[in-house]
Structure formats: C-alpha cells, structure tokens
Amino acid sequence: MEEWKEYKLGDVVNILDSKRVPLSSKERSTRQGCYPYYGAQGIIDYIDDFIFDGTYLLIAEDGENLKSQKQNVAQLASGKYWVNNHAHILESNGKSDIRYICYLLNTLDLSGYITGSAQPKLNQANLVKIAFKLPPLEIQKDIADYLSVFDDKIEVNRKINENLEQQAQALFKSWFVDFEPFKNGEFVESELGMIPKGWRVGTLFDVAEIYDKKRKPLSGKERENMNRVYPYYGATSCMDYVDDYLFDGIYTLIGEDGSVVKENGLPYMQYVWGKFWVNNHAHILQGKNGFSTEMIHVLLSMTNIRHLVTGAVQAKLSQANMQKIILPIPPKEVVDKIRQLIDIIYENKRILEDESRRLSELRDTLLPKLMSGELKVNEIA
C-alpha cells in the first residue's frame with residue numbers, strides 16, 4: 001500500500017465540458033440518426049452527428065441518482081457520439097487509466113460532493129475535489145484490464161440479446177402483420193384489413209392475463225432497511241432490491257404512468273423472470289389462450305400506444321385503454337408454431353442475461369477489494 005498515493009480527481013484527468021452541446025427534444029426530432037446522444041445516465045436518443053470520437057469518461061452532473069447511487073454515476077463512452085450538458089466529460093491526463101477511474105468513482109460515496117436537495121448536482125468545482133488513493137499507473141491498467149474482461153463479455157451478451165429481440169420482432173411481423181407464411185391461402189376482410197381465413201380479430205386481453213391486483217407499492221422509507229435480495233420494479237426499470245417477492249415466474253411489464261411511452265410512441269417494456277416485487281406503476285401481464293408471455297412482450301414492444309396514453313401533466317396508460325389494443329388471432333395450431341419459434345429466442349435471451357448478472361455480481365464483489373489494494377490481480381485464482 002506504500003505505493004498508493006492520495007490524489008484529487010482534478011489532478012489526474014482533463015475535463016472537456018466546454019465541448020458538450022445540449023439539443024432539445026424538438027431539435028433532436030429533426031436530426032434522427034445513428035450516433036448516440038448521451039445524458040446524465042446514458043444514451044437518451046440517436047442523432048445525425050457527433051462531437052466526440054474516442055473513449056471518454058462521462059459522469060452525471062445532475063439527477064436523483066447522484067444522491068441515491070442506485071445506478072453507476074460514471075460510464076465509459078466509446079466511438080462517435082454526442083453529449084449534452086448533464087454529463088461531465090473526462091479524459092486521462094497521463095497520470096491515470098480512465099477505465100480505472102470509472103470503476104473507482106462507482107465505488108465511492110460521493111454524497112459529500114453533491115449539492116441541492118430537490119435537484120442533486122455535482123458541479124465541476126466539486127467534481128475536481130473528489131479525493132481518493134491511486135496505485136501506480138501500471139497497476140491501474142492491470143486492474144482495469146481484468147475488470148474489463150467482465151464488462152466486455154456483458155456487452156457482447158447485450159448485443160446478442162438486442163439481435164435476438166430483433167429476430168423475434170421480425171418473426172412476429174412476418175406472421176402477424178405481413179402474413180408471409182400464409183400468402184398462398186385465402187384471405188377475408190376484417191377491421192384490421194385482410195387477414196387469413198380462419199383467423200379472428202381480438203383484443204390484448206383475449207391473449208394476455210393481467211395481474212395488477214397483486215402488485216404493491218413500497219415507500220423509500222419502507223425499503224431502506226431491507227435486505228437487497230429481490231428486484232423491485234417500477235414503470236420502466238428495476239429501481240431497488242427488497243427482502244421479499246410478490247411474483248415468481250416469467251412476466252411482461254408495461255409502464256402505467258410517468259414515462260410510459262418513448263418518443264417513437266412505443267411503450268416502456270420489461271421482460272422479467274424469477275422472484276420479484278412490482279409497485280403500482282407497471283402493469284403485469286402473462287400470456288394466455290396459447291399465447292406465451294414472450295409473444296405478449298414482442299406484440300407490445302411493436303405497438304405504438306401514443307393514442308392510448310391520457311393525461312397532459314402525468315401520462316397514464318390505463319387498463320381500459322390497453323383493452324383497445326387489437327390484433328389478429330390465428331387458430332391454435334398456428335399459435336403453437338409461432339410460439340415455439342419465439343419462445344426459444346427468449347430462452348436464449350434469459351440464459352445470456354442470467355450469465356451477465358452473475359458476471360456483474362462477481363465483478364462487483366472483486367472491485368472494492370482490488371480498488372483498496374486488499375486483493376491483487378495476480379492473487380485471483
């Protein structure tokens with residue numbers, strides 16, 4: 001430990017905040033493209049140009065997560081991308097490995113550097129004062145290299161799963177929208193247009209069971225002293241972990257209020273499995289009448305719900321309006337065929353996400369020990 005020295009963040013990085021440029025959602029709507037547009041906690045859009053090219057460290061400048069630190073406050077961004085004014089942008093000045101700094105900052109308690117109660121903020125003046133100990137640069141690189149193996153595999157899994165979801169959507173569209181496997185058959189008129197003979201038009205709740213009566217909200221105070229075992233889901237994401245569960249199985253969650261719809265009109269969806277808790281801000285669905293939960297997830301992930309959302313101040317997707325989602329329903333033998341194809345895609349998705357979760361847990365167990373010097377990379381079996 002005698003080689004480790006005290007530093008402040010401003011001693012070992014360059015800050016590039018002057019290069020960032022915010023764009024309003026209206027401006028971005030006219031500039032859609034392939035380049036990620038980063039905010040405080042990650043990518044929030046894709047636009048037609050970039051202002052950074054390379055690997056840089058982004059640190060949230062404002063937002064509730066600075067206070068709770070339930071998610072990482074620092075992340076690496078690579079390639080070509082745009083950054084708004086809600087994330088600080090850092091690069092190494094030669095005294096640090098920027099990957100190591102990212103891992104380190106996500107292990108630190110930053111509460112002493114945060115200002116503002118209603119809107120927590122980490123301003124640049126406080127950012128550069130963040131204090132920590134660093135080992136020599138070579139040791140930083142060794143640790144960052146080791147931890148990056150975990151993150152690289154997690155990122156590979158994420159990309160594979162993204163592709164799997166696209167495959168499932170393409171299959172669903174082929175069968176339920178374009179009716180490609182049935183082109184040579186007879187078609188009949190319906191309220192959805194021409195559909196294969198023998199099919200009927202139904203609503204979402206003809207093929208999905210809703211379990212909203214079982215959900216239960218827990219306040220932040222109630223969750224404070226709980227053991228962090230089971231995921232606690234809100235409208236758009238896992239927002240905490242609690243010591244008990246309400247559900248055990250495979251479900252599709254769709255946001256009920258708040259951020260219930262993305263800018264492209266598609267709903268915020270979560271495909272979840274295992275034991276978990278859900279508050280009262282997400283609808284909870286499973287498939288029925290031959291439809292699997294996976295088929296429901298694909299259907300809803302492709303359904304524009306903008307016209308079903310009510311409320312100007314507080315957006316809401318009610319059960320009554322979900323009932324207005326209609327779809328063509330094929331005979332049982334057709335449902336069984338497409339279900340088999342889609343379910344195996346989602347089975348592979350679960351396997352990869354479970355692997356990523358285990359890797360993340362192992363990385364997070366090793367990380368503080370490596371960062372403190374308690375454990376060395378060459379000591380890990």
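I note that the model is a predicted one. Leu352 belongs to helix α11, which covers residues 332-372. Is Leu352 buried or exposed? Its relative accessibility is 15%, and buried means under 20%, so Leu352 counts as buried. I also checked Leu352 against Glu180: they stand 172 residues apart along the chain, and 30 Å separates their C-alpha atoms.

I then turned to the nonpolar cores. The largest has 41 residues, and Phe176, Leu204, Phe291, Ile296 and Leu300 have the most contacts inside it. At least two residues of this core come from each of α6, α7, β18, α9, β20 and α11. Helix α11 gives the largest share, 7 residues. Another core, of 36 residues, lies apart from this one and includes Ala40, Ile59, Ile101 and Phe150.

Next I examined Phe291. Beyond four places in sequence, Phe291 touches residues including Phe176, Val207, Ile296 and Leu327. Pro330 and Arg339 are also among the residues that Phe291 touches.

I asked how many residues of helix α4 are buried. The count is 7 of the 8 in residues 98-105, so the rest of the structure largely encloses this helix. The buried ones are Ile98, Tyr100, Ile101, Cys102, Tyr103, Leu104 and Leu105.

Last, I followed strands β3 (residues 32-39) and β4 (residues 42-47), which run antiparallel and are joined by 6 bridges. A hairpin of 2 residues connects β3 to β4. Tyr38 has Ile43, in β4, as its bridge partner.

Note on methods. Residues numbered from 1 in each chain as written. Predicted model: local features only at pLDDT ≥ 70, side-chain atom pairs only at ≥ 80, totals over all residues. Heavy atoms only, no water. Buried < 20%, exposed > 50% of the residue type's maximum accessible area, 1.4 Å probe, protein only. Helix = DSSP H or I, 4+ residues; strand = E, 2+ residues; numbered from the N terminus. Pairing = 2+ DSSP bridges. Core = buried A, V, L, I, M, F, W, Y, C linked by side-chain atoms within 4.5 Å. Contact = heavy atoms within 4.5 Å.
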